[in-house]
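Student: I'd like to learn how to read a model like this one. Could we go through it feature by feature?

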Amino acid sequence: MLSDLYIPGASALHRMRPAWKLALLFLYCTALFVVSHSLMLGLGLLLIALGYGIAGLRPRHAFDAVRPALYVLVIIFAAQLWLEDLAMAAFVTLRLIALLMAAALVTYTTKASEFTDGILALLSRAPKWLPKDKIALAISLVWRFIPMIRDQFEEVREAQRARGIERSLLALVAPLVVRVLKSADEIAEAIEARSLD
Amino acid sequence: MTTRDIVLIALFAALTAVMAVFPPVTLPLLPVPITAQSLGIMLAGGILGAKRGALSIILLLVLVAIGLPLLSGGRGGLSVFFGPTAGFLAGWVAAAFTIGWMTEKFWDGLSFVSATLICVAGGIVVMYALGIPGISLMADVPLSKAFMGSVTFIPGDIVKALIAAAVMVTVKKSYPIIGQAA
């Protein structure tokens, strides 16, 4: 099934409304870039550590947030070290780490369904020209389609393995795309038959 | 926009998400493995056209933003939009739109060669035109250095442009979406 990156908890951060968390995140990032000073960065890192503490998260979670970008961060650190000096390299890399951890903190403490509810609530108050029902339909359809296409992908891979060509990207993608397109007509008809448009 | 358009947009958002778990291909002499995900971007534009293609990538990014780990390597959540490679995510939408727009323009005479050129123009030129300034801005490095750091990915992207072009031509013959009366 489809799972999000949410880590359960009952802290103040978990209970805060998603919109507030997003606003704080943008404020935090803007502050770090506008006030480009090591004192500000130190304060920022302290705040993040405090945030992870309040949310009851472990250092491992903070590291998980940075790990996917590790390769890029090392290159950036090396480039800065070469262009400028150690202080600048450390500053730029730490600022990126602070941003990554701050954004992950919001993701860790907010369920995807809370965000979806928030988007739908915003849409209900959106201006008339916006096709809100269609946006809501599209979002809910993707939830359903990801497991479906995953299954179709496994079937295609099985078939191509029998032919000994499961390492060929083209042999995996072409049949999968055609199957996906074929299912589009059936699904659209099924939705229209229930007069949801 | 018909119900079928919505279904197609959602299907390609999901397809691009599933491509994140495709087995990565490693080429000799290349330090970075090729992930299939940016193939999904090229296909969204090249099969659905500019508008639907770009919308399907936006839809995928919305789901990533609300916390689903749908990007390659299981990445997801808001941090990908605040990391050094955030410019590439904007590049995805622009790439899908450009590829779709050019495919619509050259639809009648679309061949493997022209489809490859379209995928290179949109999926590499446009994508890096947004991604590299993104790295430069977030990491405070000059554009030339950001470019040097990204160059290793370009051979893999060319392989993907070739695969995407082959799929586009196959789909045009067997199951065309763009040329239909909408």
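Student: Which residues is B:Ser150 in contact with, leaving aside its neighbours within four places in sequence?

Tutor: Contact here means heavy atoms within 4.5 Å. With those sequence neighbours left out, B:Ser150 is in contact with B:Phe88, B:Tyr128, B:Ile132 and B:Ile135. Before we go on, some ground rules: this is a predicted model, in which local features need pLDDT of at least 70 and side-chain atom pairs count only at pLDDT 80 or more, while totals for chains, interfaces and linings use all residues. Residues are numbered from 1 along each chain as its sequence is written, chains are lettered from A and ligands numbered from 1 in the order in which they are written, and side-chain values use heavy atoms, with hydrogens and water left out.

Student: Is B:Ser150 buried or exposed?

Tutor: The scale is relative accessible area: buried is under 20%, exposed is over 50%, and partly exposed is in between (1.4 Å probe, protein chains only). B:Ser150 has a value of 4%, so it is buried. The residue lies in helix H6 of chain B, residues 143-150; helices (H or I, at least four residues) and strands (E, at least two) are DSSP runs, numbered from the N terminus.

Student: Which residues have the most contacts inside the largest nonpolar core?

Tutor: In general, nonpolar side chains in soluble globular proteins tend to be buried together. A nonpolar core is a set of buried Ala, Val, Leu, Ile, Met, Phe, Trp, Tyr and Cys residues joined through side-chain atoms within 4.5 Å. The largest one here has 126 residues, and A:Tyr52, A:Val177, B:Phe22, B:Leu43 and B:Ile47 have the most contacts inside it. Domain 1 (12-111) and domain 2 (126-193) of chain A both contribute residues, so this core lies between them; the domain bounds come from an automatic or database domain assignment. The centres of these two domains, taken over C-alpha atoms, are 35 Å apart.

Student: What does B:Phe22 touch, not counting residues up to four places away in sequence?

Tutor: Look across to chain A: B:Phe22 touches A:Phe153, A:Leu169, A:Leu172, A:Val173 and A:Leu176, and also B:Ala36.

Student: Which residues make the nonpolar surface patch?

Tutor: Patch residues have over 30% relative accessible area and no salt bridge; like charges are joined within 9 Å, and nonpolar side chains (Val, Leu, Ile, Met, Phe, Trp, Tyr) within 5 Å. Areas come from the Shrake-Rupley method with a 1.4 Å probe, and for residues only the protein chains shown count as cover. In this model B:Phe112, B:Val113, B:Leu117, B:Ile158 and B:Leu162 make a patch of about 460 Å². Helix H5 (112-139) and helix H7 (154-174) of chain B each supply at least two of its residues, and H5 gives the most, with three. B:Phe112 sits in H5 and is partly exposed at 38% relative accessibility.

Student: How many salt bridges are there over all chains?

Tutor: Side chains of opposite charge can pair when their charged atoms come close. The rule for a salt bridge is a side-chain nitrogen of Lys or Arg within 4 Å of a carboxyl oxygen of Asp or Glu, and the count comes to eight. One of them joins A:Arg157 and A:Glu154 at 3.2 Å, N to O. Both lie in helix H8 of chain A (residues 132-162), three residues apart, about one turn of the helix. A:Arg157 counts as buried at 18%, whereas A:Glu154 is partly exposed at 37%.

Student: Which parts does the salt bridge of B:Asp5 and B:Arg52 tie together?

Tutor: Their closest N and O atoms are 2.8 Å apart. B:Asp5 lies in helix H1 (residues 3-18) and B:Arg52 in helix H3 (residues 50-65) of chain B, so the pair ties together parts 47 residues apart in sequence. B:Asp5 is buried at 12% relative accessibility, and B:Arg52 is buried at 15%.
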